[in-house]
Amino acid sequence: MVIINAYDAGALHELFGIDMSSIDGLGVGAGWGRVVPGGRSDAHQHDETETFVIVQGAGDLIVDARRYPVHAGVVAQFEPFETHVIENTGDEDLLFATLYWRDPERAGRQAAQVERGRLRDRPVFVFSTPPTPNGDLHLGHLSGPYLGADVFVRFQRLNGAQAWHLTGSDDYQSYVTECARREGRTPAETAAHYSAEIAETLRMMDIPLDQYTVTDADPAYRAGLQAFFSRLVASGAVAPAEAPALVGPDGRYLYEVDVSGGCPTCGGPTGGNICEECGEPNFCHDLVDPAIRHSDAVPRVAEVTRFMLPLHRFAPDVALHHHLGRVPARLRELAERLFARPGVDVAMTHPSDWGVPPLEDGAPGQVIWVWPEMSYGFLHGIAELGRRLGRDWRADAPRADWKIVHFFGYDNSFYHAILYPVLYKLAFPDWAPDIDYNVNEFLLLDGAKFSTSRRHAVWGKEILTPDTVDAVRYYLSRIRSEGRRTNFEVGAYESAVRDRLVGTWQDWLHDLGRRMAERYDGLVPDAGNWTPEHTAFLARLDTRRAAVAGALGPDGFSLNQAVAELDGLVDDVRRFASLEARVSTSPAWRDEARTAIALELAAAKLLAVCAAPVMPRFAAKLAAALGGGEIDTWPQTVTLVAPGSRVTLADRTFFTDPRPAVDAELAGWLTATVAETLQLEDGPPAADLSLVSLGAASLHAVTLQYRILEHTDVEVSVEELLGSTITELAGLIGQRTQAGMEVALA
Ligand SMILES: [Zn+2]
């Protein structure tokens, strides 16, 4: 029986921010929608394919940040997962009918695309949290936001996106003041010193930056920040108000680094203002048993007038914002937890002389708190980048097509994912910022938290050299704390490099190079006959290619998974090579053998491009060894290396063992020589004793130095001699002998 359904305003109810009613019985989902003049629907996306038929009025469809004008008589269809909004720009009601249905095949195809359209044709600004210049960067920092953002940008660029990595030096942190006090410098000197060190460490980690805003040195920053703050004040939501705060017995205002105590939410130990355990903010006066840093005095609660923001009033705006980009459940849950409190009043200024004061009266002697400040810093960075690129991007007029991607540690979640969206809403009511959040947990060092202030850390500069940087990037990607805390141990890092990169990856590449030289004179053969196993292996390679793309793409970004796939690819090819080896030199099967080796070379070529975002030096070296050029495009399929190309894999050093096994002969000679030089009467000493503990003095050291040079041609300093055990010394000499041989060979 025919179904006739007419629009009925009386049947409408509020849904997705507009008025909707449903039409039943059509066999697909259907309904009527009304958008009042000036109104817009909430952004959403779903697995159904959906069609709008506009029957009255005019407006814009906003699909993945692009605007399409529509009017009565227009039909529009959305692919599964496309973010869509309908906005009424006219002066009468905009009416439309909608039809939607599930098409699993279409949805599956769409979901498998790396670029679901969210990033295509839009400027993509990828931010790693601006580091605090109170120390250099350690592996905990590097493995989290910085490596993440770098790999993300590299992969996006291979896919043709316009993506940039932005960060900066967060100079006005109170931790800088504390560090300056400790080191006997001014905060400005301290910030300038460490900000330069940080930039250098990022360079050593092969993390190039497109924008590095140094907040205390950037000439336009201060005025821009003050203007942004004025917008917050003009919104009416941020205003001077008296509120409880924590002060010392002398009335000194206490916050952040000044205090510690029990977290009012989870009870764990925390510093002022943010709890690293549960991620929730505290306001210092609510700490359990608060204590003042460097003092036994007991703090008290006092009323202090600061610019305050009643954040809880904007909980619905935060929830709306969390519907737009990639917002991990961990962050959405934090917002729900926080807004379950009766009120969340956040101070936007604090008494301090380190930072930027607001232009407005009402809180003399105060500066804009460095965390709200950062929300402006991101926009400032975009504007500065735009100025250099010749693009019209302004910090006071953010645009709908900007895609922002944040990388940060979980302890910054409150600021990035809850506070900043509210500040943007207040400053720019018409801007719906489209932000992806990538959050990492803590990396531990030998089971305890890395700490810059306590200097419990492996510093980037201690481990990074041109020869180790790819191994460090590989290993940190492998253990990166995604979704859980992970642990770094130097020994485990060295074993991984030795067993996987040197012992498995490089071992295969060298072996492949030798077989190529022996059987094909180093020239890539054309594939001949394909066995079913050859075809299956090609398909397997393509599965790996797609899996790496999924792990490096914006929706499923995970360095753990990306590196697991790279390791898997190498394991696949080694298994394949060992199975094929049985007939690889048989004249009867030579047409099949050259297919097998062409496939191994295709795997090597694929490894180069798949590893490029994570291990750029290795990738470039491998591509060159296969006779290829620069890696500049992500492949849509697996391709063979061009027949006739010259392959030079066998003699390339891609990775070096961070601590080569100690040569037994050398260790024996060294032990005997030490015993002789020190005139030890109880025979050869234990190899794990230091020379000092064996009674070596500087005169002995000089003698040993000479004998080592004479015997091995290696120079060892007196300090090294006295500070090492015999085993360490043998390792050191072994390393230098190897390095000397490489220099001689090069
Ligand atoms: Zn807590």
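**A friendly note on this predicted model**

1. Contact here means heavy atoms within 4.5 Å. Please keep in mind that this is a predicted model, in which local features need pLDDT of at least 70 and side-chain atom pairs count only at pLDDT 80 or more, while totals for chains, interfaces and linings use all residues. Residues are numbered from 1 along each chain as its sequence is written, and side-chain values use heavy atoms, with hydrogens and water left out.

2. Now the overall picture. The protein chain holds 20 helices and 26 strands; these are DSSP runs, with helices (H or I) of at least four residues and strands (E) of at least two, numbered from the N terminus. Along the principal axes, the C-alpha atoms fill a box of roughly 100 × 85 × 45 Å. Of the 746 residues in the protein chain, 53% are buried, where buried means under 20% relative accessible area, exposed means over 50%, and partly exposed lies in between (1.4 Å probe, protein chains only).

3. The surface and the charges come next. The accessible surface of the protein chain is about 31,700 Å², and 53% of that belongs to carbon and sulfur atoms; the areas come from the Shrake-Rupley method with a 1.4 Å probe, and for residues only the protein chains shown count as cover. The chain has 66 positive and 102 negative charges, with mean positions 3 Å apart. In this count Lys and Arg are positive and Asp and Glu negative, while His and the chain ends are not counted. Each charge is placed at NZ of Lys, CZ of Arg, CG of Asp or CD of Glu.

4. Two strands are taken to pair if DSSP finds at least two bridges between them.

5. Staying at the E23 end, strand E22 (residues 403–409) pairs with E23 in the parallel sense over seven bridges, and Lys 403 stands opposite Asp 434 in E23.

6. A three-strand open sheet has the order E25-E24-E26 and mixed pairing. Its edge strands, E25 (448–449) and E26 (486–488), each pair on one side only. Strand E24 (residues 443–445) runs antiparallel to E25, with two bridges joining them, and Leu 445 stands opposite Ala 448 in E25.

7. Helix H11 (residues 469–479) deserves a look: ten of its eleven residues are buried, so it is largely enclosed by the rest of the structure. Among the buried residues are Asp 470, Arg 473, Tyr 474 and Tyr 475.

8. Two aspartates have backbone angles worth checking. Most residues other than glycine have a negative phi. Asp 64, however, has a positive phi of about 45°, and is found in the loop between strand E5 (58–63) and strand E6 (66–71). E5 and E6 form a hairpin with two residues between them; six bridges join these antiparallel strands, and Gly 59 has Val 70 in E6 as its bridge partner. Asp 521 has a positive phi of about 60°, and lies in the loop between helix H12 (490–520) and helix H13 (532–552). Are these residues buried or exposed? Asp 64 is buried at 5% relative accessible area, whereas Asp 521 is exposed at 55%.

9. Finally, a spot towards the start of the numbering. Ala 11 sits in the segment before strand E1 (13–15) and is partly exposed, at 39% relative accessibility. Leaving aside neighbours within four places in sequence, Ala 11 is in contact with Met 20 and Ser 21. The C-alpha atoms of Ala 11 and Ser 21 are separated by 5.9 Å, although the two are ten residues apart along the chain.
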